[in-house]
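The sequence and the model are shown first, and the description follows.

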Amino acid sequence: MDTFIQQLINGLTLGAVYAIVALGYTMVYGIIQLINFAHGEVVMIGAMVAFTVINALAGSGLPPLAVVLIGTGCAIPVCVLVGYAMERLAYRPLRRAPRLAPLITAIGVSIILQNLAMLVWSRNILAFPQIIDIKLYNIAGATITNVQIVIILTCILIMVALAALVYRTRLGTAMRATAQNPQVAGLMGIDINRVIAATFAIGAGLAAVAGVMVGTYYGIAQYTMGSILGLKAFTAAVLGGIGNVPGAMLGGVVLGIVEALGAGYIGTYTDLCKISGISDWLTQRCANDGHFVLFGSNYQDVFAFAVLIMVLVFRPSGLLGERVGDRA
Amino acid sequence: MSLLEVEGLEVHYGGIRAVKGVDLVVDEGELVCLIGANGAGKTSTLKAICGLLPSHSGSVRYSGQEISKKPVYELPRRGLVLVPEGRGVFPQLTVAENLAMGAYARRDGDVARDLERMHGLFPRLAERRSQTAGTLSGGEQQMLAIGRALMSRPRLLLLDEPSMGLAPLMVAKILEIVREIARQGVTILLVEQNAKLALEIAGRGYVMESGVLALAADSKSLLADPRVRQAYLGEGAA
């Protein structure tokens, strides 16, 4: 099996999901300069709602695809409501406050949502029922599953649709106008509160879809799953240039691939048995089981945050986050 | 009934009174200018009229209705539009998108025809329709800001220092455009530091000094007034 191609496929799947979540971060940041740290929790709630629905319908005899679609169909409105409510109740009253206040509030909202989810869905790891018949396909010596194909295609579809919304519609133009100058946007007759609420709602809807995808991909959901996923998607948004819609898409995919390749190769390259003659003890050990790996694939998460640190040090504006032509 | 009636308007910034009881009226079809030195309170007056700044006291009636408590975004729907100081174009939106945002409040389908009209009025904007507004020169941005405001088909246009930071030739051109817009029937309240040019195109003028209206008269008398000549038209005391 070709590790490189295989990890590329896995990374692309993961990255596509990161991209969808990162869009939520970047759109909200773009419009009100708030890093909504509770966004990962919205993904979690999406996965949880989908779990409940899929679990309830698993034995109903409906086709698996229909069950997943119904689960998604329930997760989206719930998440949109959560996203709208947090903007309305937690962030809007702080619109004119110093930037630190809404940021701390976002962390608070995140804790509240996690605890609510814990009360509703328990602390246990919830296993999604295996309703989907996983099929494997061969590509250039690697395998791709039907679930991966669906995830990648859905994400591409969502990204195209979102780009069309942001760059082609009246609402999208109003969103960009509000992001650039909310005061003047108001003077043009744009109700910026509605535009901001719509931005949160759209981001939350995307998070719901991402939650269902993560849940069905890994087959599990837990009330804490949102924080690490949220942080990685945030990293993806920063990598692409926070506030930049195409940047979030690129950042998500790049981060997913870096992570997957990192996890795939780190074991091979930190295998001390490849360096002979360090010590007698090592030689002896290697003779027994052949490997002495310093860092295993469980270090996967390290790559995402190493990327975050490198971006912040070397290119704080992100890959596509260059702001040009602000003033003539 | 005048189109715009401002009575006893006061604006405070913290403890500072920037506008201390301004009364002014603008009648339908007029081009009125509000001149005065830097910091006299002209911009604060305009912002308070539009609700961008909360007024401390006083009333603002537009077309007979009190508007000082109305949300900002409702005003373009009623035909009242401000072109803000510093132009306020959306720098990363294209020229065409900026113009489209001007028509945001409108629900009728005639926007395309007005876009043609803007391109006629500002051929420069037609050439640059797919460029982002941030890449335009200052004068072009001012044209865009005015064109964008016209897209909403205003009854009353408030212009805040359209000549600011522009080269003299461009200033003359912009003010010529303002005069042309007024001729087409749009009522205009023009705030300017460039008193001479403003008075030349306006029918009437108000002179603002440290938060109050010091003088109000038709443009001819203001241009002839020795106090105005000395303070704003750069003539010596002699």
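## A covered helix in chain A

Helix H2(A) is mostly covered, with 15 of its 19 residues buried. The structure described here is a predicted model. Helix H2 of chain A runs over residues 39-57. From its first C-alpha to its last, the helix reaches 27 Å, close to the 27 Å expected at 1.5 Å a residue.

## Chain A as a whole

Chain A contains 12 helices and 4 strands. Its radius of gyration is 22 Å, close to the 20 Å that the globule rule gives for 328 residues, so chain A is as compact as a globular protein of that length. The C-alpha trace of chain A spans about 75 × 55 × 40 Å along its principal axes.

Of the 328 residues of chain A, 45% count as buried.

## The nonpolar core

The largest nonpolar core has 174 residues. Within this core, A:Val17 and A:Ala19 touch the most other members. Leaving aside residues up to four places away in sequence, A:Val17 touches A:Ile151, A:Cys155, A:Ala210, A:Met213 and A:Val214.

## Chain B as a whole

Chain B has 10 helices and 10 strands. The radius of gyration of chain B is 17 Å, close to the 18 Å given by the globule rule for 238 residues, so this chain is as compact as a globular protein of that length. Along its principal axes, the C-alpha trace of chain B spans about 50 × 40 × 35 Å.

Of the 238 residues of chain B, 48% count as buried. Among contacts in chain B with a separation of 6 or more, residues 24 or more positions apart account for 66%.

## An antiparallel sheet in chain B

Chain B has an open sheet of 4 strands in the order S2-S1-S4-S5, with antiparallel pairing. Its edge strands are strand S2 (16-26) and strand S5 (65-66), each of which pairs on one side only. Strands of a sheet pair through backbone hydrogen bonds, either parallel or antiparallel.

Strand S1 of chain B, residues 4-13, pairs with S2(B) in the antiparallel sense over 8 bridges. In S2(B), B:Arg17 is the bridge partner of B:His12, and B:Lys20 is the bridge partner of B:Glu10. The hairpin of S1(B) and S2(B) has 2 residues between the strands, and B:Gly14 in this hairpin takes a positive phi near 60°.

## An enclosed helix in chain B

Which parts of chain B do the buried residues of H6(B) pack against? They pack against S6, H3, helix H4 (111-121), helix H5 (123-127), strand S7 (156-160) and helix H7 (168-183) of chain B. Of the 13 residues of H6(B), 12 are buried, so the helix is largely enclosed by the rest of the structure. Among the buried residues are B:Met143, B:Leu144, B:Ile146 and B:Arg148.

The loop between H5 and H6 of chain B holds B:Ser137. Is B:Ser137 buried, partly exposed or exposed? A residue is buried if 20 or more other C-beta atoms lie within 10 Å of its own, and exposed if 12 or fewer do. B:Ser137 has 14 C-beta neighbours inside 10 Å and therefore counts as partly exposed. The C-alpha atom of B:Ser137 is separated by 24 Å from that of B:Ile201, a residue 64 residues apart from B:Ser137 along the chain.

## Where the chains meet

The contact takes 28 residues from chain B and 18 residues from chain A. On the chain B side, helix H2 (75-78), strand S6 (80-83), helix H3 (95-102) and helix H6 (138-150) each supply at least two residues. The largest share of this side, 4 residues, comes from H3(B). By class, the side of chain B that touches chain A has 16 nonpolar, 10 polar and 2 charged residues.

Notes: Residues numbered from 1 in each chain as written. Chains lettered and ligands numbered in written order. Predicted model: local features only at pLDDT ≥ 70, side-chain atom pairs only at ≥ 80, totals over all residues. Core = buried A, V, L, I, M, F, W, Y, C linked by C-beta atoms within 7 Å. Contact = placed C-beta atoms within 7 Å. Nonpolar A, V, L, I, M, F, W, Y, C, P; charged D, E, K, R; others polar. Expected span 1.5 Å × (residues − 1). Pairing = 2+ DSSP bridges. Rg over C-alpha atoms; globule rule 2.2 N^0.38 Å.
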